[in-house]
Amino acid sequence: MTASIDRSKLSKEDLYHYDMLLSARDAVHKRMEYHASDALDAENLEKRGVNTHMADVSGDNSRHEMDLRLLTEDGDVIQLIEDAIDRLANGEYGRCCDCGEKISKGRLDARPYALYCIKCKSIREQNGGINPKFH
Ligand SMILES: [Zn+2]
């Protein structure tokens, strides 16, 4: 579990991003619940043999797979958000995990759980996800 944060110890800017992280986490949780119940519904229907028409079966299967894939992606975002909240609690929030420089406010506003500054992020994108300067 994520440590709870004493809001009074956060700077105004950190507090702003903390609230963004919390609402982003809420939104992802809601989406996960929606997709989880949808995926389970499809599974139950299959078990009860409700779908006998071939076209219906294949259509439902591909939708089911997409739901599960979305769940995985949301799971990753949740992890990123939890990590960002941990960094806030430790006073390390907003620093690039590669070079240690401050991540620009504009970037954090767009992506409050960003791990890298824009410079390191683009280096990673050009090198298949790694930063040869730091790894
Ligand atoms: Zn960096």
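Analyst: Among contacts in the chain between residues at least 6 apart in sequence, 54% join residues at least 24 apart; two residues are in contact if their C-beta atoms, placed from the backbone, lie within 7 Å. This is a predicted model, in which local features need pLDDT of at least 70 and side-chain atom pairs count only at pLDDT 80 or more, while totals for chains, interfaces and linings use all residues. Residues are numbered from 1 along each chain as its sequence is written.

User: What makes up the secondary structure of the chain?

Analyst: The chain has 4 helices and 0 strands, and its elements run α-α-α-α from the N terminus. Helices (H or I, at least four residues) and strands (E, at least two) are DSSP runs, numbered from the N terminus.

User: Why is Ile5 called partly exposed?

Analyst: A residue is buried if 20 or more other C-beta atoms, placed from the backbone, lie within 10 Å of its own, exposed if 12 or fewer, and partly exposed in between. Ile5 has 17 such atoms within 10 Å, so it is partly exposed. This residue is in the segment before H1. Not counting residues up to four places away in sequence, Ile5 touches Leu10, Tyr18, Leu88 and Ala89.

User: Which residues of H1 are buried, and what part of the chain counts as buried?

Analyst: In H1 they are His17, Tyr18 and Leu21. Of the 135 residues of the chain, 14% count as buried.

User: What makes a set of residues a nonpolar core, and which members of the largest one touch the most others?

Analyst: The set must consist of buried Ala, Val, Leu, Ile, Met, Phe, Trp, Tyr and Cys residues joined through C-beta atoms within 7 Å. The largest core has 15 residues, of which Leu21 and Ala84 touch the most other members. H1 and helix H2 (54-89) each supply at least two residues of this core, and H2 gives the most, with 4 residues.

User: Why is this core said to lie between domain 1 and domain 2?

Analyst: Domain 1 (11-93) and domain 2 (94-135) both give residues to the core, so it lies between them. The domain bounds come from an automatic or database domain assignment.
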